[in-house]
Amino acid sequence: MTTVPSPMADQIGHRTPAPRARVAAEKPVHYGPLPLGLRILNLVLILAPLCAFVWAVAYAWGAGIGWVELAVGFVFYLATGFGVTIGYHRLLTHKSFRTGRVMTAILGILGSMATEGPILNWVAFHRCHHQHSDHEHDPHSPHGHGSGVWGTIKGFWMAHCGWVLSPRRKDLGRYVVDLEKDPLVRWISRLFPVWALLSLALPALAVGLFTMSWWGALMGFVWGGLIRVAMVHHITWSVNSICHLWGNRPFESHDESRNNAIVGVLALGEGWHNNHHAFPTSARHGLKWWQFDSSWIVIRVLERVGLVWDVKVPSPERMRAKAA
């Protein structure tokens, strides 16, 4: 495991298409702490879907869902979620560690099975976000959409999922020039529809074979496929929305990124977002012992068994220097 020794190592983890000075020329958006009412609203937006999901499970228990469907859905949630957090994000976007071609393929395919888009698209958007975070060219900032409750709601919507429906920038390809040179990454990215279909078909197959029934296959498709995809999507998008609105900022960064403990756990470590924006190349986002980062635990296990190497974390000196 290596430590990040200098400020230059705290950049995005690849050669950015424009120097940081260009970002400073944009229109920054700075906000103070959210009012208590808006904090409560954000908390409701985090917990309400989860409570609805728990209610749906309890209501359908024994008729539409049981332990098999729940277990298959949970396994696929972890597998595809780690594919995004470890594969798409920490490996391919930020080069936080190195690994071989087989592990790259496994992580890339699992990330694709989260159905959040092909690798090249996902990485391009995320690198663009880091380049312009909470400035006017950020593709999914919750800021800059007006003031008051309505401005916050509009910003939350755009950051959470509205940006997915917005017109795409035509210059995003410049953010993934390095990945476009990799035949394996291009191949996985091009076959995204195949991985997305497998993401829905495999849970149906698993539950169908276990129960030896077509009804079981349907329930596997619904709970292990569709509902699991929805949960991965909304929890991932919560990093864009909630973690730029509500939480604490222990480190200085050029944006409004925040640590949020609830999202930190649910999003497999990605919710320690201020930590991540302060140290983008770090493979560890939960930098304190109590900041649970399950993706980091998986990376450490893979490092111990020799499947990944050159794992980057910020040095204690760098963390002290960036403390807010």
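Reply: F97 and I299 touch the most other members of the largest nonpolar core, which has 53 residues. A nonpolar core is a set of buried Ala, Val, Leu, Ile, Met, Phe, Trp, Tyr and Cys residues joined through side-chain atoms within 4.5 Å. Buried means under 20% relative accessible area, exposed over 50%, and partly exposed in between (1.4 Å probe, protein chains only).

This is a predicted model: local features need pLDDT of at least 70, side-chain atom pairs count only at pLDDT 80 or more, and totals for chains, interfaces and linings use all residues. Residues are numbered from 1 along each chain as its sequence is written, and side-chain values use heavy atoms, leaving out hydrogens and water.

Helices here are DSSP runs (H or I, at least four residues), numbered from the N terminus. The most comes from α3, with 9 residues.

Now back to F97. Leaving aside residues up to four places away in sequence, F97 touches I86, R90, L91, L107, A283, I299, V308, W309, D310 and V311. Contact means heavy atoms within 4.5 Å. A second, separate core has 5 residues, among them V57, A60, M219 and W223.

Technical notes: Helix = DSSP H or I, 4+ residues; strand = E, 2+ residues; numbered from the N terminus.
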